[in-house]
Amino acid sequence: MCTHQPPCPPADAIDHHAARLVAYHPEQGWGLLCNGVVFFDDTGELLPDGRSVVPALSGKAA
């Protein structure tokens, strides 16, 4: 998907968050990275292949 040089890390890379931001909608709580990852303000993600990544735990006891 990425046409930059150097290219952004792919969606399945450990550093996929380093990809360039191509769309951001803070009023809706989501953004789109160049590698096709949709990230949400709650830290959840939707990968280009349809898999979801659950939000990271804050480390606080419930």
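This report describes the fold, the sheet and a few individual residues of the structure shown above.

**Overall picture**

The model is a predicted one, and the protein in it has zero helices and five strands, so that its elements, read from the N terminus on, run β-β-β-β-β. Of the 62 residues in the protein, 29% are buried. The protein exposes about 4,500 Å², of which carbon and sulfur atoms supply 61%. Among contacts between residues at least 6 apart in sequence, 17% join residues at least 24 apart.

**Confidence**

The mean pLDDT of the protein is 85, with 87% of its residues reaching 70 or more. Over residues 58–62, however, the pLDDT is below 50, and beyond near neighbours in sequence this stretch has zero contacts in the model. Where pLDDT is low, the predicted coordinates should not be read in detail. Among the elements of the protein, β2 has the highest mean pLDDT, 96, while β5 has the lowest, 87.

**The sheet**

The five strands form an open sheet, in which the order is β1-β2-β3-β4-β5 and the pairing is antiparallel. Strands β1 and β5 (52–53) stand at the edges, and because each has a single partner strand, one side of each is left without a neighbour in the sheet. Within the sheet, strand β2 (residues 30–33) is joined to β3 by three bridges, the two strands running antiparallel, and Trp30 stands opposite Phe40 in β3.

A search of the whole structure finds one aromatic pair. The rings of Tyr24 and Phe39 have their centres 6.2 Å apart and their planes at 15°, and since planes under 30 degrees apart count as stacked, this pair is stacked. The pair links distant parts of the chain, with Tyr24 in strand β1 and Phe39 in strand β3, 15 residues apart.

**Individual residues**

| Residue | Relative accessible area | Class |
|---|---|---|
| His16 | 10% | buried |
| Tyr24 | 41% | partly exposed |
| Thr43 | 43% | partly exposed |
| Thr3 | 70% | exposed |

His16 has its place in the segment before β1 (21–25), and with a relative accessible area of 10%, under the 20% limit, this residue counts as buried. The side chain of His16 reaches the backbone oxygen of Ala13 at 2.9 Å. Leaving aside neighbours within four places in sequence, His16 is in contact with Pro9, Pro10 and Ala11, and also with Leu33, Asn35, Val37 and Glu45.

Thr3 is likewise found in the segment before β1, but with a relative accessible area of 70% this residue is exposed. The C-alpha atoms of Thr3 and Asn35 are separated by 9.9 Å, although the two residues are 32 apart along the chain. Asn35 is also one of the residues in contact with His16.

Thr43 lies in the loop between β3 (38–40) and β4 (45–46), and has a positive phi of about 80° although it is not a glycine. Most residues other than glycine have a negative phi. At 43% relative accessibility, Thr43 counts as partly exposed, because that value lies between the 20% and 50% limits.

Technical notes:
Residues are numbered from 1 along each chain as its sequence is written. Side-chain values use heavy atoms; hydrogens and water are left out. Helices (H or I, at least four residues) and strands (E, at least two) are DSSP runs, numbered from the N terminus. Buried means under 20% relative accessible area, exposed over 50%, partly exposed in between (1.4 Å probe, protein chains only). A polar contact is a pair of N or O atoms within 3.5 Å; within protein, one must be able to donate a hydrogen and the other to accept it, and residues adjacent in sequence count only if both atoms are side-chain atoms. Contact means heavy atoms within 4.5 Å. Accessible areas come from the Shrake-Rupley method with a 1.4 Å probe; for residues, only the protein chains shown count as cover. Two strands pair if DSSP finds at least two bridges between them. pLDDT is the predictor's confidence in each residue, from 0 to 100. Rings of Phe, Tyr and Trp (its six-membered ring) pair if their centres lie within 6.5 Å; planes under 30 degrees apart count as stacked, over 60 as edge-to-face and the rest as tilted.
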